[in-house]
Amino acid sequence: MSCKADLTVKPEVTPFFDPATNTISYVVKDPGSDACAVVDSVMDIDYAAGRISYESADAIIAFVREQGLKVEWLIETHVHADHLSGAPYIQAALGGRIGIGSQITLVQETFGKVFNEGTEFQRDGSQFDRLLEDEEAFAIGSLNVRVLHTPGHTSACVTYVISDEAETAAFVGDVLFMPDYGTARCDFPGGNPRTLYRSIKRILGLPAATRLYTCHDYRPGGRELRYVC
């Protein structure tokens with residue numbers, strides 16, 4: 001379900017809400033070109049039936065095509081426990097490079113052991129096009145992107161700080177939720193509450209005008225959806 005685009009700030013951000021997982025994916029557009037990135041895309045899965053579907057990813061693909069955008073990046077804040085990533089599916093349709101924090105190799109090693117995966121499961125991050133280091137920089141058109149390693153929920157979580165000369169937006173993944181819901185879980189393998197606390201402090205140390213875009217909104221009390229805090 002696409003929400004109304006946030007065009008009051010740069011970069012231009014359009015959210016897509018998946019009610020099954022309360023996940024928010026984003027298309028982030030450079031206002032000066034047709035370049036865009038997709039953040040935390042969802043692949044739908046029916047756990048009871050063991051069935052995968054593509055409605056959420058198809059909605060993003062349709063939007064990108066309707067707007068005449070060019071996907072330069074498909075970036076993940078972390079590997080999600082509540083849904084599969086739609087990035088490979090979207091990449092097959094629209095192109096772009098898939099990026100994730102470089103510490104994903106630690107997550108792969110941890111869960112490779114938990115699920116007793118054999119040697120056919122690669123633990124070197126080779127499933128992604130680029131492993132992004134802390135403080136690494138790249139671009140989406142004319143937008144500058146800075147990577148912050150913000151672990152605690154998982155050991156590989158990152159925040160993407162995307163800015164132009166006027167505005168800054170930070171995509172925080174599961175490190176923070178809306179103020180009326182709290183912070184991320186840190187009880188998964190590799191999670192750590194002390195580390196999460198330090199990551200939250202790092203995010204809250206960004207400039208005061210920074211808009212924080214969360215990866216989830218569980219809408220406590222049945223309130224309306226929010227995606228910026």
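**View 1. The open sheet of six strands in the predicted model**. Six strands form an open sheet with mixed pairing, in the order β1-β2-β3-β6-β8-β9, where strands are DSSP runs of E with at least two residues, numbered from the N terminus, and two strands pair if DSSP finds at least two bridges between them. The edge strands, each pairing on one side only, are β1 (12-18) and β9 (130-132). Direction ignored, neighbouring strands of this sheet are turned by 25° against each other on average, with axes taken as lines fitted to C-alpha atoms, for helices over the stretch in contact, and angles running from 0 to 180 degrees between N-to-C directions. This is a predicted model, in which local features need pLDDT of at least 70 and side-chain atom pairs count only at pLDDT 80 or more, while totals for chains, interfaces and linings use all residues. Residues are numbered from 1 along each chain as its sequence is written, and side-chain values use heavy atoms, with hydrogens and water left out.

**View 2. Strands β3 and β6 with helix α1**. Strand β3 (residues 35-39) pairs with strand β6 (residues 70-75) in the parallel sense over five bridges, and C36 has V71 as its bridge partner in β6. Helix α1 (residues 55-67; helices are DSSP runs of H or I with at least four residues) lies across β1, β2 (23-29), β3 and β6, contact meaning heavy atoms within 4.5 Å. The helix runs at about 155° to β1.

**View 3. Salt bridges of E135**. The side chains of E135 and R146 meet in a salt bridge at 3.1 Å, N to O, the term standing for a side-chain nitrogen of Lys or Arg within 4 Å of a carboxyl oxygen of Asp or Glu. E135 lies in the loop between β9 and β10 (137-140) and R146 in strand β11 (residues 143-149), so this pair ties together parts that are 11 residues apart in sequence. E135 also forms a salt bridge with R202 (2.9 Å, N to O), linking the loop between β9 and β10 to helix α4 (residues 193-204), 67 residues apart. E135 is partly exposed at 41% relative accessibility, as are R146 at 32% and R202 at 29% (buried means under 20% relative accessible area, exposed over 50%, partly exposed in between, with a 1.4 Å probe and protein chains only).

**View 4. The R185 and D187 salt bridge**. The closest N and O atoms of R185 and D187 are 2.9 Å apart; R185 is partly exposed at 47%, whereas D187 is exposed at 54%. Elsewhere, salt bridges that share partners join D134, E135, R146 and R202 into one network.
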